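Visitor: I would like to learn how to read features from a set of coordinates. Please take them one at a time, with the general idea before the case.

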Amino acid sequence: MKKILLSLITVISIGYSARLWFVCQKFIDQFYFSSLDLQLRMVEAIHTDSQTPLFFVRFFHNKLTGSLIDVFRSYVLYYDVRFLLSLVGFTGFICALAGVYYLLVERKHKLLYVFLMLFFVFPFLSIFFRSIIPYQVWLIGFSLIVCVLSIYGIYRLKWNTWLLSVFVLSLLVTIWYQSMYTPLVLRFCML
Amino acid sequence: MNTFFSTLKDSRLVSQITLLLLGGIIVLATFLRVYQVSTLPPGLYIDEVSIGNNAFSILKHGTDEHGVSYPLWFKAFGEYKMPVYIYLVSLCMTILGKTELAVRMPSILAGILSVPLLYGIVSLLIRKTKQRELSFLPLMSAFLLAITPWHVHFSRGGFEATVALALYLFSLYAFLRYGRDKKIRYLWISFAVLALTVYTYNSYRITAVLTSIVYLGYLWRVMKTKKSFFFPAAAFLIMLLPILIFSVSSAGTERFQQVSSFSTYKNLPLEKQLYILPMDFLNNYLRYFSFEYLFAVGDQNGRHQIPGVGLLYRVEFIFMLIGLVMLIRDKKGLLFYLTVFLLITAPFAGALAIPSPHALRSLTLVIPLTIMTSLGVLGAFMLIKKYRLLTVLLILMTSLVLLFEMNYDAHLYTEHYAKVNVLDWGGGYKATALEADRLRTSHAGVFIDRNMGQIEPYLAFYAPHLSYTIVDVSWNKPKELEGKPVLFIRPDYHDLHKEHLLNSLYLPDQNKTIFADFYQL
């Protein structure tokens with residue numbers, strides 16, 4: 001019963017945090033792969049390398065390397081602590097971390113691995129297919145994955161007074177963070 | 001892999017191979033920190049020049065630039081600099097003279113020394129572990145620290161933070177040695193060196209205090225007679241007294257006022273400050289754990305890293321996460337406690353200031369992250385050691401990606417950095433000073449336009465015998481110098497007719513920007 005209640009509170013807190021995101025139109029550009037940006041950067045880099053042997057210029061500044069670097073940058077942005085906190089709040093974040101941890105360490109509940117896999121693969125889809133599927137779908141999808149992971153975290157954690165205190169504190173901080181610090185959302189999305 | 005471990009077990013060969021490998025790592029660390037260090041980063045930046053001038057003045061006259069005899073705080077550009085680095089540069093100047101290398105030498109040496117120190121610390125942290133594979137952790141940590149762009153870059157510039165970090169590591173090492181050998185001299189060394197970090201770099205005013213609290217807490221728990229650690233702790237406090245007094249003075253708080261993230265809100269009512277300031281701190285603090293900051297773009301200060309490159313190698317990302325999981329899973333022992341302590345406390349000082357994140361103020365963070373990544377590397381191999389092919393593939397892939405990243409960074413550092421970030425490192429001030437010095441003998445006077453910016457410290461460093469006058473833009477040649485040639489140095493104002501122009505000084509950037517024009521009037 002306690003875990004159901006905690007899960008419910010967590011889901012509500014995630015919803016409370018995610019609501020701010022619906023005023024946005026899309027994530028900021030860094031969340032997506034842009035071949036135009038890449039091309040411009042390549043031109044600039046090659047221009048700077050005007051006196052370098054051509055082999056090295058091509059070896060270091062080519063579309064494959066550039067794309068990998070850009071995709072990596074976008075990918076890690078989806079796991080930015082502040083991005084996740086502003087998306088799912090402190091409570092959701094902490095519980096989801098616990099969920100990921102238990103899934104990785106205990107290797108039980110094979111079905112939940114689908115969510116873990118989605119958690120790691122989802123950003124790739126969003127990075128490349130932003131124009132096909134609307135932003136809101138990505139937002140809801142990602143929040144739901146984190147939601148499931150956090151509920152799993154709640155079920156796996158061995159709750160004691162200390163953990164409950166952390167939970168309550170994280171709830172308070174979530175309310176504080178989300179109500180007082182709205183502009184943070186604007187760091188990651190465009191109105 | 002198992003056979004390899006068992007062959008090495010209980011063998012004297014192990015220590016010899018370990019020593020050999022550590023030696024190799026130190027050689028690599030030295031090469032990465034020394035190669036072309038006088039010219040890369042491209043020129044001394046303003047703080048380095050200020051340090052150099054003060055150090056030289058101390059060496060020659062026993063006073064700082066302002067004539068204060070052997071000061072504890074050095075006044076410089078609206079703040080006070082900590083003394084340790086300046087006195088160390090002074091020492092280096094006795095051998096190397098007034099050179100760029102002398103200004104950077106303490107940082108280089110500290111950067112190199114940090115590698116074996118980390119090796120020593122991690123060795124002491126894992127001494128009770130029963131996992132054979134973890135015996136490679138000290139070497140792996142040392143290796144990663146030796147090649148980490150974050151640490152390499154700051155070791156190559158005249159940054160006090162690198163020396164402070166090395167001292168901090170030394171203090172930790174001495175404290176751990178005390179924990180193992182129970183010899184009181186290690187405790188004395190540990191506290192004394194910890195106090196010294198405070199006099200080396202501002203951030204350690206917070207880090208050192210937090211560390212001392214942990215030291216004392218540990219000692220209180222483990223020591224039967226409390227008075228045995230009373231004296232080292234008291235000595236630590238006495239050593240901190242001057243800085244405590246200085247910190248509450250107006251001069252001491254000046255720097256904090258300038259960079260404090262809270263100063264932005266000082267005009268807000270108190271009740272608003274009460275809920276905004278903690279949130280602002282939390283927000284700043286969390287920025288230090290952003291993967292984008294650590295692996296992709298850094299703090300975007302051109303002086304702190306190569307643009308477009310993170311503070312750590314991208315390939316370390318996955319291993320760092322594995323390391324974190326391993327650390328939490330085996331949450332017993334000193335390795336866990338010390339790494340988590342460093343992870344939590346390292347960004348504290350940086351989070352109090354703006355801009356945030358700040359790679360220099362949070363340099364200590366490189367230590368727990370390196371330990372975690374090393375743990376992750378070994379953990380990954382432990383996970384797949386049963387599958388030989390997979391192990392070989394992982395080693396091959398990781399090595400290839402790491403090698404590419406190292407070469408990519410080296411290419412950007414040697415080919416791009418000097419062109420793109422030349423203004424972050426003093427621009428053309430050195431060349432201007434040297435050119436002015438060369439031309440001074442053939443001119444009756446040297447006049448410099450006020451808009452040349454912070455040229456004066458550079459002139460003091462590179463052309464100490466040059467006498468010059470700083471003048472306004474509207475300056476005209478004085479009548480008493482009529483008929484005599486004078487040198488007038490000014491920025492490029494894009495004049496169409498540059499009559500009397502002797503030469504122009506160009507920056508090595510792609511646009512061939514003119515940094516200074518030299519006129520003979």
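Visitor: Where is the place of B:Pro355?

Guide: B:Pro355 is in the loop between α17 (348-351) and α18 (366-384) of chain B. This is a predicted model, in which local features need pLDDT of at least 70 and side-chain atom pairs count only at pLDDT 80 or more, while totals for chains, interfaces and linings use all residues. Residues are numbered from 1 along each chain as its sequence is written, chains are lettered from A and ligands numbered from 1 in the order in which they are written, and side-chain values use heavy atoms, with hydrogens and water left out.

Visitor: What is the peptide bond from B:Ile354 to B:Pro355?

Guide: That bond is cis, with omega near -5°. Another cis peptide bond joins B:Ser356 and B:Pro357, where omega is about 5°. B:Pro357 also lies in the loop between α17 and α18 of chain B.

Visitor: Which value of phi does B:Tyr70 have?

Guide: B:Tyr70 is not a glycine, yet has a positive phi of about 35°. The residue is found in the loop between α3 and β1 (74-76) of chain B. B:Lys182 is also a residue other than glycine with a positive phi, near 55°. The loop that holds B:Lys182 runs between α8 (160-181) and α9 (184-198) of chain B.

Visitor: Is B:Tyr70 buried or exposed?

Guide: Buried means under 20% relative accessible area, exposed over 50%, and partly exposed in between (1.4 Å probe, protein chains only). B:Tyr70 counts as exposed because its relative accessibility is 54%.

Visitor: How many helices and strands does chain A have?

Guide: Chain A has 9 helices and 2 strands. Along the sequence the pattern reads α-β-α-α-α-α-α-α-α-α-β. The C-alpha trace of chain A spans about 70 × 40 × 30 Å along its principal axes.

Visitor: Which residues of chain A form a nonpolar patch on the surface?

Guide: Patches are made of residues with over 30% relative accessible area and no salt bridge; like charges are joined within 9 Å, and nonpolar side chains (Val, Leu, Ile, Met, Phe, Trp, Tyr) within 5 Å. Accessible areas come from the Shrake-Rupley method with a 1.4 Å probe, and for residues only the protein chains shown count as cover. Here the patch consists of A:Met117, A:Val121, A:Phe124, A:Leu125, A:Phe128, A:Phe129, A:Ile132, A:Ile133 and A:Val137, with about 790 Å² of accessible area together. Helix α6 (residues 112-128) of chain A gives the largest share, 5 residues. A:Ile132 sits in the loop between α6 and α7 (135-156) of chain A, and is exposed at a relative accessible area of 61%.

Visitor: Where in the chain are B:Arg450 and B:Asp472?

Guide: These residues form a salt bridge with the closest N and O atoms 2.8 Å apart. The pair links distant parts of the chain, 22 residues apart: B:Arg450 is in the loop between β3 (445-449) and α21 (455-462) of chain B, and B:Asp472 in the loop between β4 (469-471) and β5 (486-490) of chain B. B:Arg450 counts as partly exposed at 48% relative accessibility, and B:Asp472 is partly exposed at 41%.

Visitor: Which residues lie nearest the centre of the second largest pocket?

Guide: On a 1 Å grid over the protein atoms alone, a pocket is an open set of points where a 1.4 Å probe fits, with protein on both sides within 12 Å along at least five of seven lines; lining residues have an atom within 4 Å of a point. Of the 50 residues lining the second largest pocket, B:Tyr201, B:Arg255, B:Val259, B:His358 and B:Arg361 lie nearest its centre. The largest share of the lining, 5 residues, comes from α12(B).

Note on methods:
Helices (H or I, at least four residues) and strands (E, at least two) are DSSP runs, numbered from the N terminus. A salt bridge is a side-chain nitrogen of Lys or Arg within 4 Å of a carboxyl oxygen of Asp or Glu.
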